[in-house]
Every structure is written in structure tokens, then in C-alpha cells.
Amino acid sequence: MGLSNTSGGITYLNMKQGKFARKNANGDIELYDAVSGIITAARFENDEYQGSKFRKVLLTIEDGEQKYLLQVRTDSGYYRGLTNAIANADIKQEVKLIASSKTGENGKPQTTIFVNQNGKALKWKWSKDNLGELPELEKVKVKGQVVYDNSKQLEFFENYWLSLFTAPASAEVEEELAF
């Protein structure tokens, strides 16, 4: 797909209203349904917006000469959907990320990022019925209410992303280091 109207360098993207959002030079926001390319890096940062602190992943996506830096809050449906689907992708091949937001039965927005590769939508690797190595949500009582703490899942997802871009040492390098 590749977005247009850039002056080169990196195009910064955020999530807004179920779309990929790009702020242009005059401050207007342009919304896009999808972005495609090869994800070449992932890093994590703490951030703050209007007094609310949060953690975000910053993904570098390359499409030919164009580079995008996609920022996604880690405690979001966008991140969970993206991570679950990327776990079934070949990270060295191009992917198409499709943002989505719809109103759930409870009236709250349900957000996700769908991942397509080689023309096919990728299924989630981990689910409620098939957690695999994903830690379970923990029930915690806060002010008399039972809530679910997803801290261990978010830590697992972050470590998963980082492992995708950390090359293990080859056997030759390990042998050289042993001497």
C-alpha cells in the first residue's frame, strides 16, 4: 500500500478511531485503513498523554524506500490482536496490517489490528482456550471488585516482540568466544 505525500525519512503513525493516523505538516490528521511492508524492528517506551502514563511499542515497517514508525499502546486491543497474529507470521516477509474498531455489545469500542500475509488473514496463536505458553490473566481484588490483571501477558508479549529482532549468536561466534 505505502502511504503517500511524505517528504522522505520516516512517516510516524498512531492509532485513532480504528485507523492508522498520520499528522501532516499543517497539523491535519489523515486516516488510513492499512499499512504494509516488512516489520524490521520493535522497541518499547514509556509515555504519557494528558497525565495518563502508558507503555507503547514502536514498530519500524519498511515498504521499499519508505519507512513507517507505528506506535501502539501495549495495553490495547490493537496490540493484542497484532501480537497474536504476528506470532503466526513469517516476520521476514511483508505483512499487511489492517486496523479495526467496532462498538461491542457493551457499547465500548473493540479494537484490533488484523494481519494478512501472502493474501491470507493470520489466525491468533494464543486464545482463551489455547494459552500455550501465554500466562493466564490473574484475578485481583481492587476496592472490593474483582478485576483481571494482564501484566504478565503484556510482559510476555513484549519479550516475544524483542525476541523476533534479537539474533541469536551463531555456533561459530560462540566457539570463538569460548577461547
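Start by selecting lysine 143, which is exposed, with a relative accessible area of 83%; exposed means over 50%, buried under 20% and partly exposed in between, using a 1.4 Å probe and protein chains only. Lysine 143 sits in the loop between β10 (138-142) and β11, and its phi is near 50°, a positive value in a residue other than glycine. Most residues other than glycine have a negative phi.

Before moving on, a word on the model: this is a predicted model, in which local features need pLDDT of at least 70, side-chain atom pairs count only at pLDDT 80 or more, and totals for chains, interfaces and linings use all residues. Residues are numbered from 1 along each chain as its sequence is written, and side-chain values use heavy atoms, with hydrogens and water left out.

Now colour by secondary structure. The protein has three helices and 11 strands, in the order β-β-β-β-β-β-α-β-β-β-β-β-α-α from the N terminus. Helices (H or I, at least four residues) and strands (E, at least two) are DSSP runs, numbered from the N terminus. Of the 179 residues, 36% are buried.

Next, select glutamine 17, in the loop between β1 and β2 (19-23). Glutamine 17 also has a positive phi, near 55°, and is exposed at 60% relative accessibility.

For contrast, go to isoleucine 61 in strand β5. Is isoleucine 61 buried or exposed? At 1% relative accessibility, isoleucine 61 counts as buried.

Show Val140, Val142 and Val147 together, and you have a nonpolar surface patch of about 190 Å². Such a patch joins nonpolar side chains (Val, Leu, Ile, Met, Phe, Trp, Tyr) within 5 Å, from residues with over 30% relative accessible area and no salt bridge; the areas come from the Shrake-Rupley method with a 1.4 Å probe. Valine 147 belongs to strand β11 (residues 145-149) and is partly exposed at 36%.

On to the salt bridges, of which the structure holds eight; each is a side-chain nitrogen of Lys or Arg within 4 Å of a carboxyl oxygen of Asp or Glu. Pick lysine 152 and glutamate 138, whose closest N and O atoms are 2.7 Å apart. Lysine 152 lies in helix α2 and glutamate 138 in strand β10, so the pair ties together parts that are 14 residues apart in sequence. Then pick arginine 80 and aspartate 75, where the closest N and O atoms are 3.8 Å apart. Arginine 80 is partly exposed at 29%, while aspartate 75 is exposed at 51%.

A pocket here is an open set of points on a 1 Å grid over the protein atoms alone, where a 1.4 Å probe fits, with protein on both sides within 12 Å along at least five of seven lines; lining residues have an atom within 4 Å of a point. The volume is the space filled by probe spheres set on the points. Helix α1 (77-86), strand β8 (109-117) and helix α2 (151-164) each supply at least two lining residues.

Finish at the second largest pocket, about 360 Å³. Among its 13 lining residues, Asn14, Met15, Phe54, Gln71 and Arg73 are the closest to its centre.

Key
Patch = residues over 30% accessible without salt bridge, like charges linked within 9 Å, V, L, I, M, F, W, Y side chains within 5 Å.
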